[in-house]
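Here is a set of questions and answers on how the chains of one model meet. Look at the structure before reading on.

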4 protein chains.
Amino acid sequence: MPDSLDQLDARLLAFAQARDWERFHSPKNLAMALAGEAGELLEHFQWLSEQQSAALSPEQTRLVALEMADILIYLIRLSQRLGVDLIAAVEEKMAINETRFPVDPEGLAAEDEPRRA
Amino acid sequence: MPDSLDQLDARLLAFAQARDWERFHSPKNLAMALAGEAGELLEHFQWLSEQQSAALSPEQTRLVALEMADILIYLIRLSQRLGVDLIAAVEEKMAINETRFPVDPEGLAAEDEPRRA
Amino acid sequence: MPDSLDQLDARLLAFAQARDWERFHSPKNLAMALAGEAGELLEHFQWLSEQQSAALSPEQTRLVALEMADILIYLIRLSQRLGVDLIAAVEEKMAINETRFPVDPEGLAAEDEPRRA
Amino acid sequence: MPDSLDQLDARLLAFAQARDWERFHSPKNLAMALAGEAGELLEHFQWLSEQQSAALSPEQTRLVALEMADILIYLIRLSQRLGVDLIAAVEEKMAINETRFPVDPEGLAAEDEPRRA
């Protein structure tokens, strides 16, 4: 199977170019659009309990999935404008996280992520 | 080349499980964490002009890339908890966008995205 | 007691002008800064249960209060740049909400806010 | 003139109580709702230039003002649930900012806010 992220990447670039949207898609604007979509994602969950959020109906799941798609679309567009390799960035970040949050020999994280905030 | 998104997916799942973080990672909480990271992304760009945002230094680009990594990490985690296929969701959303924003024969989008807001 | 919001308003304007920050404080940039602070607010709550979020320690409450202050500061600055009367805007919005979410004679809202999402 | 923020405060509390919304309005949920509204605010500005954002039409300004109202409404609700005095929090934050960003005798800020990010 080919790398699906690379395929999306090319398709999203062609989509923006065909509509002459490069002029709107500065990194600053794309970051705003991404954060706007993250806000829409929140709205689906804000009045749900954590339990309810883990038991969405198929229709709710589909709507949430489309918001997630918007976020990934802007993330890919932003990576194109900045020349960032998203996969490499995640790998770098995971290496940082592995050092920062070592696994405890007792099976518990040495430091609980919640304290990170 | 194998599908790098799938590889990250498995690695992120193992990372969370090894630290017993599944208990914190409800869809509601992951949506919040993702939006928090989107807020951090904004902070890199908020006082820059659009032009400056397109001319980041290598060090700034690296810091922005790490914020983008955080967003993708939480997006993948959320897709795992909700059983969402991210690539399929982007494909569905792109099909919607292609209908919604047709390419004008004159080479301009029939409807400018900015009017969408 | 004088109107404390008006007092803050004048003080925030003087603060920005003394530092020549008007040049950075376009409405677009202020909206970004506000959303960035909203993201920081989220980070305090993202791994807490709803119950925990209602039982913060005094120190946590103080940190959250300072994030809320940042949000209000940027909201006031944005209202200055746009010529918006914040109090009047809230009054208009509350009138809309009163029509949209009437109180049920049985003591329950005719339409639960959660369905709004 | 009475303190308009205090008046809004009482009215918003009565509004939520009459609809039995206190059960949804945990601090965690209110933080999410606030951030969701901040995301909607962004959407008004994301494709505008900074100059355009400073020259909104009356209708655009009204729509933006209503988003700002939503943010202030949730900020006041959150302050109620956490027992936070918003005005005092802004005063504390401004004292911090005055130390952090002293005014330069030459009329320039000693440290430009943009470097803060």
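Contact means heavy atoms within 4.5 Å. Helices (H or I, at least four residues) are DSSP runs, numbered from the N terminus. This is a predicted model: local features need pLDDT of at least 70, side-chain atom pairs count only at pLDDT 80 or more, and totals for chains, interfaces and linings use all residues. Residues are numbered from 1 along each chain as its sequence is written, chains are lettered from A and ligands numbered from 1 in the order written, and side-chain values use heavy atoms, without hydrogens and water.

Q: At what angle do the axes of helix 2 of chain A and helix 2 of chain D cross?
A: Axes are lines fitted to C-alpha atoms, for helices over the stretch in contact, and angles run from 0 to 180 degrees between N-to-C directions. Both helices span residues 27-45, and their axes come within 7 Å. The crossing angle is roughly 145 degrees.

Q: Which residue classes make up the contact of helix 2 of chain A with helix 2 of chain D?
A: Residues of chain A in this contact include Met32(A), Gly36(A), Glu40(A) and Phe45(A). Ala, Val, Leu, Ile, Met, Phe, Trp, Tyr, Cys and Pro count as nonpolar, Asp, Glu, Lys and Arg as charged, and the others, Gly among them, as polar. The contact residues divide into eight nonpolar, four polar and six charged.

Q: How much area is buried between chain A and chain B?
A: The contact takes 77 residues from chain A and 77 residues from chain B. Buried area is the accessible area (1.4 Å probe) that two parts lose on being put together, summed over both. Carbon and sulfur atoms give 68% of it, and the total is about 6,600 Å².

Q: Which residue of chain B meets Asp70(A) in a salt bridge?
A: A salt bridge is a side-chain nitrogen of Lys or Arg within 4 Å of a carboxyl oxygen of Asp or Glu. The rule finds six across the interface of chain A and chain B. At 2.8 Å, N to O, the partner of Asp70(A) is Lys93(B).

Q: How many salt bridges are there between chain B and chain C?
A: Here 19 residues of chain B are in contact with 19 residues of chain C. These chains bury about 1,500 Å² between them, 63% of it on carbon and sulfur atoms. Met32(B), Gln46(B) and Trp47(B) supply 40% of the area that chain B buries against chain C. The salt bridge count is zero.

Conventions:
Helix = DSSP H or I, 4+ residues; strand = E, 2+ residues; numbered from the N terminus.
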